[in-house]
Amino acid sequence: MRDSNPRSILDEKGIRRALTRIAHEILERNEAPDVLYLVAIPNGGVPLARILATCLDEIAGLDVAVGVLDTTLYRDDLMQSGKRPPLRRTEMPSAVDERVVVLVDDVVKTGRTIRAAMDALMDFGRPRAVQVVGLVDRGHRELPIKLDYVGKNVPTQVGEAVRLRGAGADPGESLEVVVLPAEEHAA
Amino acid sequence: MMGRDLLGIEDLDREDIEKILETAVHMGEVGQRDVKKVPTLRGRTVVNLFFESSTRTRASFEIAGKRLSADVVNFSPSGSSLKKSESILDTARTLDAMDPDAVVVRHGVAGVPKRIADVLDAPVINAGDGAHEHPTQALLDLLTVQQEKGHIDGLTVTIVGDVAHSRVARSNIVGFRKMGAEVRVAAPPPMLPADVETLGVKAFTSLRESLDGVDVVMALRIQNERLVGSWFPSVREYSATFGLDRAKLRYARDGAIVMHPGPVNRGVELSHDLADHRPSVILDQVRNGVAIRMAVLYLFAGRRRGAGSSAPDEVAR
């Protein structure tokens, strides 16, 4: 039974602490914070972007726009694999032009989702700049994508899965990042 | 579970229908963007094989394919090739050799899409066959009702008109029943198929009685040319007894919506006023048609014989 349980690597408190730090880093990096636009990649990015927006409000009194951008239709493996993953919602309440867009994702591994998100974003306009937040960086990049803000670097094996729990429909559930051993999830 | 082809609502279970509707909701969002195009089917080919002319459905499939970045080829072998006595299956086989990723078929005879699917590698989407099925029409109608009412389960729907000769009616009866709605049909007796109640619907020969307390009224198009004289005495009489106007609509539940697959014969199936104004939702149906066809192409294009019969994976990332 060795290793058969999910291993917690970040609880809700840890997640909030990391996002507070990232909020400070975002303000440090951006001289014109009024053009910031947080764009969450569902599902995991959505609660994280919401927390980040609250942090930016508390720290600097900023009312930052928050969007949601599903990347599924931009994936590079759809037709080749025959997969038809369920689509998720996209809601981009503000224009992207001339904004500094901060993409927010829960777990970054190959970089393919971020690549897809950048392509999707360009269909909405021409941002002044794009920056990326990854709550967990697993490594194993397959594309030249680097993160601007990282919550936690977590070295993992390729076969393992890292999941943000509590990002689903139930808002009462607390957030937690867990590592699932290789056999526990369908690849 | 969904197979390789979409030949009829009959072949879908409730879960499949819900999955297509859910996908279409998100496809509808793509249609609201400035850039109404996603790269999903880039490099894929969709063939519209229409043996029976249809500007609207063909345009809807064409726009849907293009919004997904597929190459769309329209093929209407009404004239030349069929006159050269090329058989339908020969035409289909010829197209298949060009390796399309989906073939959308419309034909005036029931069962032709199925026959074509039997010889093709590519998945076949039925865009209407005779009086049999028109699955994407029923799906777009279901989506429209879901958006208007928030749910389908528990609603009561009345379908008015030439039920006996209507693939739209057939697909909708099956679809709404599968989604948990009660379905009624109303028509002059010659337009009611003898076995209609075996489909699980209640048949009425009085429009007024059929409307009592319903949430949705769906009027079917009357094929003027074909039917006058043989099925009912005159258009005027049909419109007086089975044409819908605001006075008759009062028998329905408050907030009931009015649907029509188009094109409307104004003053026949619907009064002029109802054809253009709420509670009719005809243009929403058209808009949802594109979203549904995008969803169907996304879910079915690229499926192949053998490999394609299994359910698509739902891997999260």
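1. In chain A, Asp105(A) has Gly134(A) of strand 5 as its bridge partner. Strand 4 (residues 100-108) and strand 5 (residues 129-137) of chain A pair in the parallel sense over eight bridges. Two strands count as paired if DSSP finds at least two bridges between them. Helices (H or I, at least four residues) and strands (E, at least two) are DSSP runs, numbered from the N terminus.

2. The model is predicted: local features need pLDDT of at least 70 and side-chain atom pairs count only at pLDDT 80 or more, whereas totals for chains, interfaces and linings use all residues. Residues are numbered from 1 along each chain as its sequence is written, and chains are lettered from A and ligands numbered from 1 in the order in which they are written.

3. An open sheet of five strands in chain A has the order 3-2-4-5-6, with parallel pairing. Strand 3 (65-68) and strand 6 (149-153) of chain A are the edge strands; each has a single partner strand, so one side of each lacks a neighbour in the sheet. On average, neighbouring strands of this sheet are turned by 25° against each other, direction ignored. Axes are lines fitted to C-alpha atoms, for helices over the stretch in contact, and angles run from 0 to 180 degrees between N-to-C directions.

4. Helix 4 (residues 112-124) of chain A lies across strand 2 (36-40), strand 4 and strand 5 of chain A, and runs at about 155° to strand 4 of chain A. Contact requires C-beta atoms, placed from the backbone, within 7 Å.

5. Between the chains, 20 residues of chain B are in contact with 15 residues of chain A. On the side of chain B that touches chain A, helix 1 (14-31) and helix 13 (282-300) of chain B each supply at least two residues.

Conventions. Contact = placed C-beta atoms within 7 Å.
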